Amino acid sequence: MDQTAQLIRKAHDGDKSAREQLVEKNLGLVITVARRFAGRGTETEDLIQIGCIGLLKAIDRFDLGFEVKFSTYAVPMIAGEIRRFLRDDGMLKVSRSMKETAGKAARAREELEHALGREPTLEEISAKTGDSKEEIIFAMESAAEVESLQKPVLEGDGNSIFLADRLVGESNEQEELVTHVMVQEALNALNEEERFLIIMRYYRDQTQTEVAQLMHRTQVQISRMEKRILQKMKTICKR
């Protein structure tokens with residue numbers, strides 16, 4: 001049994017010292033996750049404190065019979081605690097109406113793009129939602145998320161490159177673990193067709209044209225689907 005497993009067993013038996021050692025041992029993991037949520041109106045130090053609550057919950061709930069490493073189990077718990085804080089107690093609660101306006105505008109844009117075959121104008125989105133152009137702009141800006149490490153920095157009919165790929169030389173093991181767990185969460189939330197497209201494009205290195213042939217779609221349709229799915233994954237990783 002490794003040291004972490006020994007400490008978890010002791011913590012479950014009521015050893016407060018072992019619990020504190022586990023927190024200290026995994027503090028770097030909490031910091032790594034907390035930094036993913038920086039720039040949302042809450043100090044990073046506060047996010048770290050909230051993340052530590054998630055870490056403690058992970059310590060208490062971890063089953064030594066799980067066939068995963070404790071750190072892999074802890075990441076979603078830490079991230080989930082921070083997300084709940086931002087949603088319920090942070091600035092997102094204040095701007096809930098703006099989030100609704102932004103969501104309505106996003107849905108209208110997607111519907112209009114499908115109907116018109118082109119990117120709709122702000123005036124067209126405003127007419128469809130019933131909100132003023134100023135309200136839509138303000139809501140979209142207020143609801144904007146920080147850039148994800150999973151946002152493609154190079155797209156086209158060839159292979160896309162994620163921002164995380166550009167940072168791989170600077171990342172550490174904890175950062176790579178957090179990225180892996182969050183991306184896996186996003187993949188699991190996709191439907192079968194969406195997951196197939198992403199796997200073919202980013203895990204099997206297929207071009208959009210090749211994927212279009214496999215899915216019996218046009219390259220343009222695949223391009224639009226991919227853009228929508230990547231945005232969906234980014235939202236899942238940050239919610």
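Biologist: In which hand does α3 pass α4?
Modeller: This is a predicted model, in which local features need pLDDT of at least 70, side-chain atom pairs count only at pLDDT 80 or more, and totals for chains, interfaces and linings use all residues. Residues are numbered from 1 along each chain as its sequence is written, and side-chain values use heavy atoms, leaving out hydrogens and water. A crossing is left-handed if the near helix is turned anticlockwise from the far one by less than a right angle, and right-handed if clockwise. The crossing of α3 with α4 is right-handed.

Biologist: How are α3 and α4 set to each other?
Modeller: Helix α3 (residues 27-35) packs on helix α4 (residues 44-61) at about 125°, with the axes 9 Å apart. Axes are lines fitted to C-alpha atoms over the stretch in contact, and angles run from 0 to 180 degrees between N-to-C directions. Angles under 35 degrees count as roughly parallel, over 145 as roughly antiparallel, 65 to 115 as roughly perpendicular and the rest as oblique. The two helices are therefore oblique.

Biologist: Which residues of α4 does α3 meet?
Modeller: Contact means heavy atoms within 4.5 Å. From α3, Leu27, Val30, Ile31 and Ala34 take part, and they meet, in α4, Leu47, Ile48, Gly51, Cys52 and Leu55.

How values were computed:
Helices (H or I, at least four residues) and strands (E, at least two) are DSSP runs, numbered from the N terminus.
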